[in-house]
Amino acid sequence: MADRRAVTVWRALRRRPLRFLLSAWPWRCWAYLASGALLGYAALTALVLLVFAGMALSFVGVGIAVLTCAALYGIPVGALERRRLRLVEPVPLPGPHDALPARGPVTWAGNRLRERATWRELGYTVVFGAVFAAAGCGVVMLLCLSAVLTAVPVIAWALAPEPVMIIPGEPVSGPLEALLGPAVGVIGLALSAYAAGLLAGAQVRTAELLLSPRDDEAGRRVIELTRSRARLADAFEAERRRIERDLHDGAQQQLVALNMTLGMAEMELRESGSPTTELVTRARGEVRSALAQLRDLVRGIHPQVLTDHGLAAAVAEVAQRHPVPVTVDIDLPHRLPGTVESVAYFTVTEALANAAKHSGATAVTIVARIELGTLRLLITDNGKGGAVPAAGTGLQGLADRMAISGGRLVVSSPVGGPTQLRAEVPCSG
């Protein structure tokens, strides 16, 4: 069910009843009920007309479409009510519907008809027009009558010497004889303010019950979001492996074959003393350079040592090749899931790249531990600091990648250093 938090207007009534009368709450409740009386009657009238029109036209086939519109009629009414509710409830009420892809009105209508929230909104429309609109109209009438009674002396003074009747058949000849009206009017205003607060709170509670998502629906959304995030991470991992395989088995092997072919051509040309030998030798050098770059690219996508030996060995290998001295302190009780190792590895490589390019650091420390089922990674450099995630240093991309895995990345980089990256990645789904 919806969150059973305290209704704001009821809380204001209960805490300070007298101050409630002098606050803005009565005016907000009166405005909410007065507008609700008009909208409620209009919504109920339109719904009844749709139902009767659908039944009358059902024999020609058009009535099915009209009745479908009647069934879906609660959706716009519910959306309007959630917005209008802000008059008396500061906390916005979330919508109960799942997001749907744009696949045409027929598909949209079919999906909405299968949702229980659609029928709750339709029920709210009926209750709104039949109960709350009538009750709100009664409170507004009491307000108007009380306001008139309060203003009776002014009215008597303005219309004098014409008589004014507060009670039918009992004329009031002057302002002094009309003092009973303001006394009753002030009491009526106070009663209408309290009644408006109670009724508005009851409508808020009903809207929370019928117009907001239930706990089971919210739980289903969270589960689906988690599954979608896992599917996205798996899709990224599968695409990464496909690219790695294509580079390793395709382009890399072709470059190796090309290098061997050029080598044999170089040997034959050198024996014949051909002047093109130098060009072939230069081409072989370019191929070897391209092959080395391709191997570095494959290693950067996903190093084989990470797959074979895990995160600690992969980070140690990166640290050995890094131009800045790196101290590695990784103590893990077991191998981690592949997605976790991949995210952690690329966090380390990006942090080391930033330290080499931007920080001016002379030492980097990497510490990793498992705590309560979460990999906690701390990367510290003694550079000049001032790293800004939005400045194109790759930190924003790391944070996004971490979020896909359900983790988080915290960057601390005051000007003058040091810079610390704290990464937390859950080791279970």
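This is a predicted model: local features need pLDDT of at least 70, side-chain atom pairs count only at pLDDT 80 or more; totals for chains, interfaces and linings use all residues.
Let me start with strand β5, residues 374-381. Of its 8 residues, 6 are buried, so the strand is largely enclosed by the rest of the structure.

What does β5 pair with? One partner is strand β4, residues 364-371, in the antiparallel sense, over 8 bridges. Within that pairing, Ala368 has Leu377 of β5 as its bridge partner. The hairpin of β4 and β5 has 2 residues between the strands, and Leu372 takes a positive phi there, near 55°. Another partner is strand β7, residues 419-426, which runs antiparallel to β5 and is joined to it by 8 bridges.

Now the rings. The structure holds 4 aromatic pairs, and I will describe two, starting with Phe20 and Tyr194. Why is this pair called stacked? The ring centres are 6.1 Å apart and the planes are at 15°, and planes under 30 degrees apart count as stacked. Phe20 belongs to helix α2, residues 17-22, and Tyr194 to helix α9, residues 180-211, so the pair ties together parts that are 174 residues apart in sequence. Phe20 counts as buried, at 2% relative accessibility, whereas Tyr194, at 23%, counts as partly exposed.

Next, Tyr345 and Phe346 form an edge-to-face pair, 5.3 Å centre to centre, with 80° between the planes. Both Tyr345 and Phe346 are buried.

Last, a charge and a ring: the charged end of Arg28 sits over the ring of Trp25, 4.3 Å from the ring's centre.

Methods: Residues are numbered from 1 along each chain as its sequence is written. Side-chain values use heavy atoms; hydrogens and water are left out. Buried means under 20% relative accessible area, exposed over 50%, partly exposed in between (1.4 Å probe, protein chains only). Helices (H or I, at least four residues) and strands (E, at least two) are DSSP runs, numbered from the N terminus. Two strands pair if DSSP finds at least two bridges between them. Rings of Phe, Tyr and Trp (its six-membered ring) pair if their centres lie within 6.5 Å; planes under 30 degrees apart count as stacked, over 60 as edge-to-face and the rest as tilted. A charge sits over a ring if NZ of Lys or CZ of Arg is within 6 Å of the ring centre and within 35 degrees of the ring normal.
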